[in-house]
Amino acid sequence: MEIIEILFTASFWAAAIRIASPLIFATLGELICERAGVLNLGIEGIMVAGAFAGWMAVYSGTGLWTGVCVAMIVGMLFGLLHSTLTVPFGLSQHVVGLGVTLLATSSTYYAYRLALPEVTSPPKIDAFQPFEIPILSDIPLLGPALFSQTPLTYLAFVLVAVVAVVLYRTPLGLAVRAAGENPAAVAAQGLSVTAIRMGAVMAGSGLMAVGGAFLTMSAFDSFFFEMVNGRGWICIALVVFGSWRPGKALLGAVLFAAFDALQIRVQQTSLGTLIPYQIFLMMPYILSILALILMSRRAEVPAALMVPFNKGER
Amino acid sequence: MNTAPVEALALDAITKRFGELTANDAVSLSVNQGEVVALLGENGAGKTTLMNILFGQYTADSGAVRVFGKTLPPGNSRAALDEGVGMVHQHFTLADNLTVQENITLGARSLFSPGLGRSAARARIVDLSRKFHLSVSPDARVGSLSVGERQRVEILKALYRDVRILILDEPTAVLTPQETDDLFATLRLAIADGLSIIFISHKLHEVMAIADRVVVLRHGKMIGGVDTQDTDKNALAAMMMGTEATPPKVSPATPGAALLELRSVTTADVGSVPGLKSVSLALQAGQIVGLAGVSGNGQAAIADVVGGLLHPASGELVLNQEAVRRWTPRNAVQSGIARIPEDRHKTGTIADFDLVENAILERYKAPAFSKAGWLNWRKSRAFADGIIDKYDVRCPGADTPIRLLSGGNMQKLILGRVLEADPQIILANQPVRGLDIGAVNYVHSQLLAARARGAAVLLISEDLDEVMALADIIHVIADGRLSPGFARGEMTPAQLGLWMAGQGFDKGVAHAS
């Protein structure tokens, strides 16, 4: 019954929201790519690169928000590489994506060693601090959970709405969705499928990098290897869980994060002494798989996902 | 019209080469406002190339395109669209998961304008669909629409963009006769409104019905143009092919024993497509049985039952007077049933396989092509070369991927693959859909030849003319029910049309017995 008590503590929900934030950024990024018809498996590596780039920029003396921009630009450059290979060249999106992940991860580690050859433990930066939104943060339970977070978390939630509005309420979003459904329909209207897809992959990759930067600039205040730790792959699943819709993807991210926050706390209860802690570590993933099975039955996969488009081919 | 005609479109000496091949050789064409010009030509005559140049998808080597006097920049679809050139492709360019309205408004506004202007767009779509009798709901998902409705969306898409010149590439190939009539009614409304149309079709009676003028392309050259009132179907066919097209002569049939029978076969409904309702049908040696009807009334179920893809819920299948127990596609092929499938791209061939692989697709296990699990490529290749030779499959060679062949040549390969096995029973499902007249006559003559050597043929077609010309016995299928068999010449098209509309079945039971 300790579990029930945990569910009603503000600190539990605050932790869930915090854990969800990087997932929200990266899931939105992946969602944009896939809506345009490109599976971006570079996500894991791009998050690593973003985590390092943002942190390194701040460590070198820039402001925090400049650091976020630096991370985004680095992400967009990897997006440019990914989309150049997958869109105009039409290469396998699986192979290119994994290649980008390996390249981004290893070149980040290399850059880290080049930049900080002498350090044994990574230096710390002054990370984003929680900002209590007046009045709203005084609401019991909800206030401390939702409205006492860092500015980057607020940005993540705002972006969900922005992405949804752009996708469903603007001609640009319509063109992106159509590119993922039937690129021939886009080309028949005289629009460039190549430009739309490359733009979507670059924008999406930028968001993934910001998701990575959240880890070094908001959740923690330092960069260390393996800190992304498979979050990118979780986001790929969250996109499916969310049926390629921003709002449902947000729900999935928070749900996964809540499982994660819960298992940490359950480990410290009496149950934690009975059951090996590895079981608790597995829990969010097992529950995610179950939720995925339930949710993705009726998911509408973009029809042209992973289908390269060549103008003039039958 | 009293006013002097306004020239809407002028193609001026368009030449386009692909390597050795000259697809368009100094082709000139002019279309006036409010005029319907039909563009005729066999497969590979250069029609599609010409339209792609007009629409800015290809760049011509020389020549110019003018729309209402304004020369279009070459190779720029956007400019063509902006000048009011619209095209309805044979394969629709719609996104299934988007709504009708989303498909129509895609690209209509600048990508970076802030909103979609949804209510205004919606009002305009409703307006246009009322004005041109194109009933379709703006909120429906395109994926849930019928083929006819999707075409309405394509036309609405063009009208929404204030199209002034509309290119229709084989618009009726996928439509039922009723839908074709509706389409023509819509087009006439738009023509009266000043729209100019270029109509590409193989169906000469439709060309005669809708077009003011016909121009003919042959081997990339413009052969000439005539007003439809000064010509007839035979003359047009002759212009297209360069020779008089003679449909094969049909001699009286000499039917033998029943080779395959369906006895009171009933199948389950599949979605909105009705299943078969106690269908009995006999295929006799040396006879062509025609199955007429609007598509989606159970034709596919009959074809699948015969081909072994679908098992009857009740009733039985009788092969050579013996009821069959296990019936799979492999059993069907081994029992000498040859299948010419309805969709040659989807189920007839494997697009990226070459002609050799496609030729042995159904019979790779036969001793002629494999032994102890090893394929014999030498014999397979000889077999494919034989078909290419005998059935005049025009291709660069047997190792070409079959997707590069035109529809007619693809069908010839399927025909060869099927007929070379000397089948006893031939299931020909829409065997000439989308083919030009030369290829149609060829397929028909091959089916008649098979009949002459004693094969039983089941011909499924939506084209009533085709069924009436070839079939010795005609059944009509409507809503999963099969009419009694009518002998050649027993029924007029109008009478068969009533059966197709579902009338006559209730009193028809007595007639059948």
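**Note on the predicted model: chains A and B**

1. In chain B, strand 11 (residues 258-266) and strand 12 run antiparallel and are joined by five bridges. One facing pair across these strands is B:Leu262 and B:Leu281, the latter in strand 12 of chain B. The model is a predicted one.

2. These two strands belong to an open sheet of four strands in chain B, ordered 12-11-14-15 with antiparallel pairing. Its edges are strand 12 (279-284) and strand 15 (322-323) of chain B, each of which pairs on one side only. In general, the strands of a sheet pair through backbone hydrogen bonds, in either a parallel or an antiparallel manner.

3. Helix 9 of chain B lies across strand 11, strand 12 and strand 14 (314-319) of chain B, and runs at about 125° to strand 11 of chain B. This helix, residues 299-307, is mostly covered, with seven of its nine residues buried. The buried residues are B:Gln299, B:Ala301, B:Ile302, B:Ala303, B:Val305, B:Val306 and B:Gly307. Just after helix 9 of chain B comes B:Gly308, which takes a positive phi of about 90°.

4. Elsewhere in chain B, strand 3 (residues 36-40) is mostly covered, and five of its five residues are buried. In a regular strand, side chains alternate between the two faces of the sheet. For strand 3 of chain B, both faces are covered: B:Val36, B:Ala38 and B:Leu40 are buried on one side, B:Val37 and B:Leu39 on the other.

5. Strand 3 of chain B has parallel pairing with strand 8 (residues 196-200) of chain B, over four bridges. Here B:Val37 stands opposite B:Ile198 of strand 8 of chain B. Strand 3 of chain B also pairs in the parallel sense with strand 9 (residues 213-218) of chain B, again over four bridges. In that pairing, B:Leu39 has B:Val215 of strand 9 of chain B as its bridge partner.

6. Chain A contains 14 helices and zero strands. Its radius of gyration is 20 Å, close to the 20 Å given by the globule rule for 314 residues, so chain A is as compact as a globular protein of that length. The C-alpha trace of chain A spans about 65 × 50 × 40 Å along its principal axes.

7. Of the 314 residues in chain A, 53% count as buried. Among contacts in chain A with a separation of 6 or more, 77% come from residues 24 or more positions apart. Chain A exposes about 13,800 Å², and carbon and sulfur atoms supply 70% of that area.

8. Helix 2 (residues 10-35) and helix 10 (residues 193-219) of chain A pack at about 170°, their axes 7 Å apart. Because angles over 145 degrees count as roughly antiparallel, helix 2 of chain A is roughly antiparallel to helix 10 of chain A. Residues making the contact include A:Arg18, A:Phe25, A:Gly29 and A:Cys33 of helix 2 of chain A, and A:Ala200, A:Gly204, A:Met208 and A:Phe214 of helix 10 of chain A.

9. Helix 7 (residues 151-169) and helix 8 (residues 171-181) of chain A pack at an angle of about 80°, with axes 5 Å apart. Helix 7 of chain A is therefore roughly perpendicular to helix 8 of chain A. The contact is made by A:Val166, A:Leu167, A:Tyr168 and A:Arg169 of helix 7 of chain A, together with A:Pro171, A:Gly173, A:Leu174, A:Val176 and A:Arg177 of helix 8 of chain A.

Methods: Residues are numbered from 1 along each chain as its sequence is written. Chains are lettered from A and ligands numbered from 1 in the order in which they are written. Side-chain values use heavy atoms; hydrogens and water are left out. Buried means under 20% relative accessible area, exposed over 50%, partly exposed in between (1.4 Å probe, protein chains only). Two strands pair if DSSP finds at least two bridges between them. Contact means heavy atoms within 4.5 Å. Axes are lines fitted to C-alpha atoms, for helices over the stretch in contact, and angles run from 0 to 180 degrees between N-to-C directions. The radius of gyration is taken over C-alpha atoms; the globule rule is 2.2 Å times the number of residues to the power 0.38. Accessible areas come from the Shrake-Rupley method with a 1.4 Å probe; for residues, only the protein chains shown count as cover. Angles under 35 degrees count as roughly parallel, over 145 as roughly antiparallel, 65 to 115 as roughly perpendicular and the rest as oblique.
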